[in-house]
Amino acid sequence: MFLPIRTDSPLRNNPWMNWALIAVNVLTFAMQKSFPEQTHQFALSARSPHLWQFISYGFMHENIPHILGNMLFLYIFGNNVNDKMGHLGYLAFYLAGGVFAGLGHVFTSSMGVIGASGAVSAVTGAYLILFPRSHITVFYFFFFIGTWELPSLWFILFFFLKDLLMASSDAAGGVAYMAHVSGTLFGAVICLLMLWINMLPRDQFDVLAILKHRKRRWEYQNLVRSGYDPFNHAGTVGKQPEIPDPARDEIQQLRSQISDAVAAHDLPHAAQLYLQLKDLDPK
């Protein structure tokens, strides 16, 4: 068993809308336990759904582990998505994710459903597009107890593929896996579209930036394969000064230290080493 406990994506503003959604979920769960006879009315019925149920079902939960798991994922991934979208945009996206997840469940199942899992899955799908380079610290307990840091890309894809596999099998066990799958697809596709048409602020960390860098790298590799030598190419600003032989070992050492610092996520130290490298090697 493993659970996310924090992410390394920085926040610029206070994501109070995400906290408000968590609070509403918790308060609704408390009222649900006080009036359990109302659960059936607000759950999403797959056979005869009412319009309000596509919203109400997403704020109700079966038990404490159910709501704790959903709120943990919403806290880990929702804060940054809220920060990126703004408060009203994030609220609209969260509710729409729950509706789309509910539609995915209604079209593929005949059982009723409650829980914020579909909306939370939409948030994780958005996180996958907006912050694919971030890392998630995971707490695991299976014979051993500890923490493990891994890219958010692989973490979210693992849960998506697990939900997809379970949804296509007969081992669902009462869990609305298709709602999870539908929510994740909705969040990823909508965020990709919003980035494409500039409805969300772009940066060098989102999926489109990664694809752009991959395209440039592919073009560069094709140039090298075709015979282009970037190290012997004469630029238009004149020939650069040759590097003295004694400095070459130091340059190689600095490059290695920069790579180690980046791998350890120590970007300030890597930047400092880069400035030293630039002084030694202007090219």
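Analyst: Helices here are DSSP runs of H or I with at least four residues, numbered from the N terminus. The model is predicted. By that numbering, Ala247 lies in helix H10, residues 245–263. Ala247 counts as buried because its relative accessibility is 13%, and the cut-off for buried is under 20%.

Now the salt bridges. A search of the whole structure finds 6.

Start with Arg255 and Asp281. Their side chains meet in a salt bridge at 3.3 Å, N to O. Arg255 belongs to helix H10, while Asp281 lies in the segment after helix H11 (267–280). The two are 26 residues apart, and the pair links distant parts of the chain. Arg255 is partly exposed, at 38% relative accessibility. Asp281 is buried, at 11%.

Next, Lys84 and Asp203. The closest N and O atoms of this salt bridge are 2.6 Å apart. Lys84 is in helix H4, and Asp203 is in the loop between H8 and H9. This pair also links distant parts of the chain, 119 residues apart. Lys84 has a relative accessible area of 9%, so Lys84 is buried. Asp203 is at 23% and counts as partly exposed.

Asp206 is buried, with a relative accessible area of 0%. Arg202 is partly exposed, at 40%.

Now the packing. The largest nonpolar core has 40 residues. Leu74, Phe77, Tyr90 and Tyr94 touch the most other members. Among the elements that give two or more residues to this core are helix H4 (64–85), helix H8 (177–196) and helix H9 (207–225). Strand S2 (135–142) is another such element. H6 gives the most, with 9 residues.

Phe77 shows the contacts in detail. Leaving out residues up to four places away in sequence, Phe77 touches Pro4, Val123, Thr124, Tyr127, Ile136, Phe155 and Ile156.

Technical notes. Residues numbered from 1 in each chain as written. Predicted model: local features only at pLDDT ≥ 70, side-chain atom pairs only at ≥ 80, totals over all residues. Heavy atoms only, no water. Core = buried A, V, L, I, M, F, W, Y, C linked by side-chain atoms within 4.5 Å. Buried < 20%, exposed > 50% of the residue type's maximum accessible area, 1.4 Å probe, protein only. Contact = heavy atoms within 4.5 Å. Salt bridge = Lys/Arg side-chain N within 4 Å of Asp/Glu carboxyl O.
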